[in-house]
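Here is a quick walk through a few spots in this protein. Have the coordinates open and follow along.

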Amino acid sequence: MQKRRVKKAPVIILSLIIISIISLVVIILLPKNNIKKQNNENKTKNAVTKKVDNTNYDMKEGEEFISKTKTSMNLTKYNGAYYVDGIMIVNKSYALDSSYQPQDPYKEITNEYLYGPEYLDKTVMEKFLSMQKDASTLGYDLKISSGYRSYKVQVDLYNNYAARDGVDAADTYSARAGYSEHQSGLCFDLNGTNANFLETDTGKWVNEHAANYGFILRFPKNKEIETGYNYEAWHFRYVGEALAKKLYNNGDWISLESYLGVDSKYE
Ligand SMILES: [Zn+2]
């Protein structure tokens, strides 16, 4: 028995040495593997950022990349709203959060024509006032008949229309709450809701000059499939002068949806 024990000792020592070496190797290599894993994750993140940078669009902190649009632009979500290359999109496919409000509202005057206690985005209101002033020197009278509408106001408005005309009909001319661009504070209806507005002298002037102030005719004629809404001669949306002039297209308005490469359909 004693003889056997003596023989076994070197085997046990050797085994212990091998186990120790394996343990050491594992301890040394494991963190390296983790670092490798992290590096790969970072590479993936960088790839997404790079993709966005390729089209000269820099995301803000907290802005979430969602997908490329049909025109290879960048659909993102930021602060309760969807954007395509920084242009806010609100339609039947892209709703605002119920709590969304204009981020920088114009509060210097109270305008009896504005809807509710809160106002249009400041830039939009200033551009409108500038357009209104220029129009008035030529004898044209511009009034906002509906500007910012809160989520809550839109709930009541849509429900009233749906009760009166049915949901299918209401969906062609009124937005469900959250899906109305009026909640953005970036758009307004002009001089009531007159389908022939753009055939009036005032409307003709607005149609030809609105883009110079950064406004687009948001729901052009024969673009119902793209915008998801009937033609609205009175609804203008601020997108900035450069884009507005592109979309004006010598009077043959390009829809915002077709330019940004997005749909407008309820799910
Ligand atoms: Zn409108």
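Let's start with Tyr 173, which sits in helix α4 (residues 167-173). Helices here are DSSP runs of H or I with at least four residues, strands are runs of E with at least two, and both are numbered from the N terminus. The model is a predicted one, where local features need pLDDT of at least 70, side-chain atom pairs count only at pLDDT 80 or more, and totals for chains, interfaces and linings use all residues. Residue numbers start from 1 along each chain as its sequence is written.

Setting aside neighbours within four places in sequence, Tyr 173 is in contact with Tyr 229 and Asn 230; contact means that the C-beta atoms, placed from the backbone, lie within 7 Å.

## The four-stranded sheet

Next comes an open sheet of 4 strands, ordered β5-β6-β8-β7 with antiparallel pairing. Strands count as paired if DSSP finds at least two bridges between them. At the edges are β5 (144-146) and β7 (215-219); each has a single partner strand, so one side of each lacks a neighbour in the sheet.

β7 pairs with β8 (residues 232-238) over 4 bridges, in the antiparallel sense. Look for Leu 217, whose bridge partner in β8 is Phe 236.

## A loop residue

Where is Ala 195? You'll find Ala 195 in the loop between β6 (187-190) and α5 (201-209). Ala 195 counts as exposed because it has 11 C-beta neighbours inside 10 Å. Ala 233 is 38 residues away in sequence, yet the C-alpha atoms of Ala 195 and Ala 233 are 5.6 Å apart.

## The β1-β2 hairpin

β1 (residues 64-68) and β2 (residues 74-78) run antiparallel and are joined by 4 bridges. Lys 68 has Asn 74 in β2 as its bridge partner. The two strands, β1 and β2, form a hairpin with 5 residues between them, and Ser 72 in the turn has a positive phi of about 60°.

## Helix α7

In helix α7 (residues 241-248), the buried residues are Ala 244, Leu 247 and Tyr 248. They cover an arc of only 105° around the axis, so they lie on the same side of α7; the arc is taken from the directions from the helix axis to the C-beta atoms. These buried residues of α7 pack against β7 and α8 (256-260).

How values were computed. A residue is buried if 20 or more other C-beta atoms lie within 10 Å of its own, exposed if 12 or fewer, and partly exposed in between; C-beta atoms are placed from the backbone. Two residues are in contact if their C-beta atoms, placed from the backbone, lie within 7 Å.
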